[in-house]
Amino acid sequence: MAAPSSPVRAEARLAPMRVTSVGHAGLFIETRHGSVLCDPWFNPAYFASWFPFPSNEEVDVERIGNPTYLYLSHLHHDHFDPEFLRELVAKDTTVVLPDFPLPLMERALEELGFRSFVHTRNLEPVELDGLTFTIPAAVAPTDGPLGDSGLILYDGATRIFNQNDSRPVDLDALSALGPYDAHFLQFSGAIWYPMVYRLPEKAKAALGRKKRENQMMRALRYVEQLEADFVFPSAGPPCFLDDDLFHLNDFDRDPANIFPDQTVFLEYLERHGRDSGRLLVPGSSATLGDGVCAIEHPHADEDVHAIFANKREYLEAYRTRRQPTIDAIRSSWPRGEVDIVASLREWFEPLLEQADMTCVGVNGRLLLDWGEQGAVIDFHQRLVYEWHGEEWDYRLGIDRALIESCILKHYEDWVNELFLSCRFEAERKGPFNEYVYNFFKCLSEERIQYAEGYYSEQFHEQQMWECGDYLVQRRCPHLKADLTRFGVVEDGILTCTLHGWQFELATGRCLTSDDRRLHCEPLRRGEAVAAEANGSSRDEEVPSARGVGPGGGSPVIS
Ligand code: FES
């Protein structure tokens, strides 16, 4: 970014922005207006499957544990490490929160003891004592664990965009918020596809090759659009140290492996005419500003190079160091403590009952198979029952210990605990179906209501329902609960019982918050009757359990 000469610039030269990698997507950003700790991740995630690569065991955690601000992009456990946050980050740190629909992050941080929060709005800058935070928030059910985000940070002289693994869609808005001195983004895979699928090796390799190419191409598009002075590969790949998963690492630049490392992407950028890429490893610092980037690594350049050049050797040594941790986690898994079918029935059936759009979207039976037995989640009948050889459309083969863990800990998002572990096998008849995995992200009433509301809005701009003498929008303006299920009317006031928000039916005014209105209009009985007689009642827009599908939507994540 060109440097205008101004007093602000002169001051900035005295205290430039310094960004230190703390591993994976983790950054410790020091500015003249305070420091920001982003996405610190140190403990293994997803049933001891993922570890940061390169290792961040040598990062000085004392140095980063007392930042001015904490920013977490989302709740995936390679970005949200509760153990680290609980033990090592000062609880009076101000947390800058993305604008996510459900307050899951704030709740999780409150449970860890954090008490100071700043709420942002999507793409709206917030200035905090000289430092400007702008957070693009992605909120589709497919975005991370019901929300993913990036951070644009500006200290008056230097502006960086920490995109990490989010996929913002409004590139014009992002460009308008620039120019950027630095851009940190994901380029590598962070998913179980295609490795866990039961497919012929050749087909799997072809899918892997395509995925590797696509993910780097997508990152390149962001780089081209945002034109930052410097680009830093970030937020991956993880590495896999458990013996069961060690083969997933990309040791030798296998074109079919979805976990290429930072050096592969930097070379890819160069091949596409971009020399702005720079490598950071945990402990490396980049001092930015005035179109200059000075990098200091924690080790000699040849040692940094050796991590990538001798990766197998590096990972074998890393595995040996972390083996006791892996063994301890594995030995803590429960086995034989839970009646899986009965527990899932009790948990999932009430959710299926509310999940009109999801059930239509899945449109089949899913077999959860743990070897000696299986449970069918039947999205047609909205039932869970023991498997007796029924036909299935989707099959997930999972060690019963992991299913038992999910049940005992009542994990409301199995993607963020189980599926990202890659410790399962998947089969399906037909194409990828996003509703299947989204269901497993939404294992609470609040979550399923949000997803259902989101799908409904995509499908029908404004579904209405008949509520006494009014036609009222079907989804609650707060967090999209289905008001036909959760709405209670008394004395002209509609209360959504999911969180208790209230609306005046005569005006649509929200009595709980001043920035949300309920769309309602007086019901004109004559018109309604006439419409019904013509077979075109507006109620027909409301999807029934099986009558209307969510638009034939297909894969967004894979
Ligand atoms: S969804 Fe929260 S009050 Fe309706």
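Which residues is L511 in contact with, leaving aside its neighbours within four places in sequence? In this predicted model, L511 is in contact with I493, Q502 and E504 once those neighbours are set aside. L511 is found in the loop between strand 28 (501-504) and strand 29 (520-522), and with a relative accessible area of 39% the residue is partly exposed. Between L511 and I493 there are 18 residues in sequence and 9.1 Å in space, C-alpha to C-alpha.

The largest nonpolar core has 91 residues, and those with the most contacts inside it are L109, W192, W414, F419 and F440. Helix 10 (residues 340-354) gives the most to this core, contributing seven residues. A second, separate core of 27 residues includes F51, M216, L279 and I307.

Aromatic pairs number 33 in the model, and two of them are set out here.

| Pair | Type | Centre to centre | Angle between planes |
|---|---|---|---|
| F42 and F84 | stacked | 4.6 Å | 20 degrees |
| W50 and F240 | edge-to-face | 6.4 Å | 70 degrees |

F42 lies in the loop between strand 3 (34-38) and strand 4 (50-52) whereas F84 lies in helix 3 (residues 82-88), so the pair ties together parts that are 42 residues apart in sequence. F42 counts as buried at 12% relative accessibility, and F84 counts as buried at 2%. W50 in strand 4 and F240 in strand 16 (residues 238-240) link distant parts of the chain, 190 residues apart, and W50 and F240 are buried.

Ring pairs also link a cluster whose members include W192, W347, W414, F419 and F440. Charged side chains meet rings as well: R319 lies over the face of F246 at 3.9 Å from the ring centre, and K429 lies over the face of W392 at 4.2 Å from the ring centre.

Methods. Residues numbered from 1 in each chain as written. Predicted model: local features only at pLDDT ≥ 70, side-chain atom pairs only at ≥ 80, totals over all residues. Heavy atoms only, no water. Helix = DSSP H or I, 4+ residues; strand = E, 2+ residues; numbered from the N terminus. Buried < 20%, exposed > 50% of the residue type's maximum accessible area, 1.4 Å probe, protein only. Contact = heavy atoms within 4.5 Å. Core = buried A, V, L, I, M, F, W, Y, C linked by side-chain atoms within 4.5 Å. Phe/Tyr/Trp six-rings, centres within 6.5 Å; stacked < 30°, edge-to-face > 60°. Lys NZ or Arg CZ within 6 Å of the ring centre and 35° of its normal.
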